[in-house]
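Hi,

Here is the structure I promised to pass on.

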Amino acid sequence: MPDTTGGHDRETAAIAGMSDPSETLHYEMNRRGGSPVLVGRAAEMAALQAAFGAVGQGGPAALLIGGEAGVGKTRLISEFAAEARAAGARVLIGGCLELGADGLPFGPFTAMLRDLVREIGADELIGLLPGSDRAVRELARLLPELAGGQPAGDSAGPLHSAGEARARLFEEFLTLLERLAVAQPLVLVVEDAHWADRSSRDLIAFLIGYQRALANVLIAVTFRSDELHRTHPLRPLLAELTRIDWVERTELPRLSRGQAEELAAAVLGGFADRALTDRLYERAEGNPLFTEELLACPDGCALIPDSLADLLQQVVRRLPEDTQEVLRIASAASGATSPTLLARVTGKTEDELTAAIRPAVTGNVLVTTTDGYGFRHALIREAVHEDLLPGEHSQVHTKFALAIDADAALVGDGRADMEKAHHWYAAHNTTWALISAWQASMQASRSVAHAERLVLLARVLELWDQVPDAAERVGADHVRVLEESAAAARDAGEHKRGLAFTESALAELDELTDPVRVALLLSERHMFHRELGMPETLEDLDRALSLVPEELDKKARTRLLLAASHFGCHEGGPHFRERANEALRFAREAGDRDAEAQALAMLAVIEAGPLGVAEPGSETFRLSAQARAIAQQVGAYQSIIKLVIYESHLLCGVGEYERAAMVAREGIADAERHGLARTRGAFLAINVAEPLLYLGRWDEALDVAERALDLAPPWSTRCSLSILSGSIALARGDTATAARLAAASREMLAGVRYEDQKNLPQAVLDIGLALATEGPAAAVAVATEALHEYDLSGSSSRYVWPVLVIAAAVARQASGEAAESLLCRLRTLAEKQDVCGPVQRAWQLSYQAVDPRADDDAAADPAARLAAADAAVAAWEAIDQPYPAALALVGAAQVALAGGPSGRVAAAARLRRAAPLADRLGARPLSDQIAALLAQAAGPATGQGTGARQDRLGLTGREIEVLRLVTAGQSNREIAAALFISPKTASVHVSNILAKLGAATRTEAAARAHALRLLDAAEGSR
Ligand SMILES: Nc1ncnc2c1ncn2[C@@H]1O[C@H](COP(=O)(O)OP(=O)(O)O)[C@@H](O)[C@H]1O
Ligand SMILES: [Mg+2]
């Protein structure tokens, strides 16, 4: 890693050693360095050390360090880096460079990878990665030399969406860090993020956001806070990051007067006189860089320059003319420049160049780094560059562009196109700026740098009219550039701009001469409208299809058909089925397996109809399985994941919980295979956790949810997982946790579009929570409010039934007008609900058991009421849902008890069935209620509880499972793998178990488990 602060002396000496001694002597007088000691910064160093300590403990930690230019951000980081290295850490530093709006995509990360390859070698780096081939192809997007000349990216598979390719690259990078951090702690530093390109900003956000998945990695980001104007793109990122728990933002202040004096003394090697330090502080105001530069003035700063830029220019102007000339040229380069490139551009031999540069190195203006020569501080480069005359400016950039054009190897692999685009543009050479921007946009596309690609394409469009033969020059017409721009905008998520490009392209085309292009653009426009939340119509797609009949272009028609049937497949109808069938036929004729899988998937959805209900073995499942098999064969991940989500959702809807969880788990494994475990896999966790919840495997469901939450998934995933975990906490009587989770998900839902599958489970949780904490009347109020807020008439009955049941239950417990009118409203809704499949049937029966007045006859007849309650019990038992079954049993017992002493036996029988269910779930409030009712059923004298907990020392079912593995001698990692939980969770379980058993070690715990026969007992209760 280049060290840009201390330690120049060695390098300087090395260079000086090669030179003519008399010259060395001459410059020796001017030679200067910074302060050998770090002045102040105790608090900041402590913060870095604390964060480093925190990651050592397994927690995530990231620091955002702002401060003006020259205040000492780099110095602070280097001092800390040296300490961390001494403590055994690996430090990766990548700096962002000022390259205008067209920053090299992923610049800092490419630099880190390059340094890493230099340090450990490409082979070792590749060896660190699982699924090396794919991983290497991905990482080669950042560092092409990694792939040894092969094209970057996963070119083998079928069309991957751009977002997917990028997600995969991000995950591979994360995995690399994870692997590196196994052997030693890792410190990752991104310097000068105010210049970061958008791709780098995205990757920073990703790494910090997913940092919980990274043990032993500290992330630090520095930036010039004084340059963050109101619309600076780094601002929103900083705001987003500071909201994360483990992220801390600090602002590096200038030095105090005392510290500035200390700095002066350190630089001068003794105390400076008072007058000088006063003047110094007055001018430099505690900025260390300014202080150092002033101290370097030979005249003791008699002539005080107006600004730091002037000061820095003065420093440079004191160097020999030849040296200044080289510096002016070097100032046009982006970052450090190799001696060979600098020699070419200056027209010198390398020896001449070394001689010319020597005074700049001695004078501490330039420093040598592994990449070549670089300015000691970016401000010096800026000052020198500003000093260039306009004519000189273009000339210098032209020289760079020509040199790189003649020999691309002069800059890093994959950088030549971007560098040329930058230099030609800066040189105001319109023709070559246009051509090179076009070429660089292709390179950006390979690097999945969509935003940069968009910037470059926008430049091509901007320059287009100024270059008479632009189309011939780039080999593409204007519309093609617009189409590419629209695609880049789509990939970069800039839908408004994408729509504008599409409209412009459409305006330039004539559908009579170019029907296919027009049609595809219409389909794009439809997609942009949808993404922008504009009213969706089928008009564009219909017109597109009419423009491209089969005989004109089958492939394009297939694409259009898929788009059209996708749009309407949930509504169903013969129209969409026809289109999907046609797409299927074309795909098969053309041997396009990916399209075939998509068409089959669409047909599956259409088959399930607008209610979205299908049983295993139905046509929907047959089609879906067929589609999934094909998608698996060709590695069409998009299709696989959609199908997996869809199938598990359907299975869960019809009570096939085991299978639903299994399918979703397979999906997670697929996501892992495709390098997308964190981004795409986390969503699937919902579809694993939900059926587990229903099956009463609550600990497992919680583990899955927690593991997914560790990956910091998008808000919608987090929201569903929060609701799910909250409802388990509530059922277990942990109202504090339930309230916290409910509040979290409620906040996430505020202000976003209503969705049955989120808002309604939230309502159920809120009602239950109100009942537990404030009683029935409050719960009635919450339920009434929910019904008032949501118009449930158009909602899916799958999500409405649970609301109706809990609302009816609380209304029955409360009394008074509000409860009555709520019941009235519920009855109307209940009558209108669909009852598709066994789960909805069970809900309906529960509803009828809770509110029998919906049926007059039953209300009058206690036997019929008991029968209704028992029917609900049977329905829940049939689909293996223990918790609702236990609730229904309690409901039945209450009905029986209401019939007077004669009902006691019937009540006790049902309660005794309910008790083990509630106990096993750890649903304490329900266990307590059962115990109380049993006492009532037994008559006034006895009060024996059956809520009696099993004699397992309070170990939960999950803990027993973990204990079994501990006893078998497995490590936390092995336990995690076996139980599909994170190692962290496994370790939490183990420490809880040790505590409950009063054991100090795992061996002791195992011995105790044997002695107490805990595992034998648990076997029977499983
Ligand atoms: N606390 C400090 N003690 C001693 N020297 C410092 C201190 N802070 C900065 N410097 C020196 O001031 C100069 C500018 O600091 P640098 O870290 O490059 O600033 P920044 O990265 O914030 O722009 C460097 O030469 C550095 O060594
Ligand atoms: Mg710096």
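A definition before anything else: buried means under 20% relative accessible area, exposed means over 50%, and partly exposed is what falls in between, with a 1.4 Å probe and protein chains only. By that rule A863 counts as exposed, because its relative accessibility is 53%.

Two bits of housekeeping. This is a predicted model, so local features need pLDDT of at least 70 and side-chain atom pairs count only at pLDDT 80 or more, while totals for chains, interfaces and linings use all residues. Residues are numbered from 1 along each chain as its sequence is written, chains are lettered from A and ligands numbered from 1 in the order in which they are written, and side-chain values use heavy atoms, with hydrogens and water left out.

**The overall picture**

The protein has 52 helices and 7 strands. These are DSSP runs numbered from the N terminus, with helices being H or I of at least four residues and strands being E of at least two. Along the principal axes, the C-alpha atoms fill a box of roughly 115 × 75 × 55 Å. Of the 1022 residues in the protein, 54% are buried.

Y694 counts as partly exposed, because its relative accessibility is 25%.

**The ligand**

- A polar backbone atom of V39 is 2.8 Å from a nitrogen atom of the ligand.
- A polar backbone atom of V71 is 3.3 Å from an oxygen atom of the ligand.
- R376 uses a polar side-chain atom, 2.8 Å from an oxygen atom of the ligand.

Taken alone, ligand 1 exposes 550 Å², and the protein buries 95% of that. Those areas come from the Shrake-Rupley method with a 1.4 Å probe; for residues, only the protein chains shown count as cover.

**Aromatic rings**

Searching the whole structure turns up 11 aromatic pairs. Rings of Phe, Tyr and Trp (its six-membered ring) pair if their centres lie within 6.5 Å; planes under 30 degrees apart count as stacked, over 60 as edge-to-face and the rest as tilted.

Take Y754 and Y790: their ring centres are 4.9 Å apart and their planes are at 45 degrees, so this pair is tilted. It links distant parts of the chain, 36 residues apart, with Y754 in the loop between α37 (735-749) and α38 (756-774) and Y790 in the loop between α39 (776-789) and α40 (797-813). Y754 counts as partly exposed at 30% relative accessibility, whereas Y790 is buried at 15%.

Then there are W843 and W876, with ring centres 4.9 Å apart and planes at 85 degrees, so this pair is edge-to-face. W843 sits in helix α42 (residues 837-850) and W876 in helix α44 (residues 862-878), so the pair ties together parts 33 residues apart in sequence. Both W843 and W876 are buried.

Elsewhere, F106, F170, F206 and Y210 are joined into a cluster by ring pairs.

Most residues other than glycine have a negative phi. N216 has a positive one, near 70 degrees, and is found in the loop between α9 (198-209) and β4 (217-224). V448 also has a positive phi, of about 45 degrees, and lies in the loop between α21 (430-446) and α22 (450-463). N216 is buried at 19% relative accessible area, and V448 is buried at 3%.

Over to you!

Note on methods:
A polar contact is a pair of N or O atoms within 3.5 Å; within protein, one must be able to donate a hydrogen and the other to accept it, and residues adjacent in sequence count only if both atoms are side-chain atoms.
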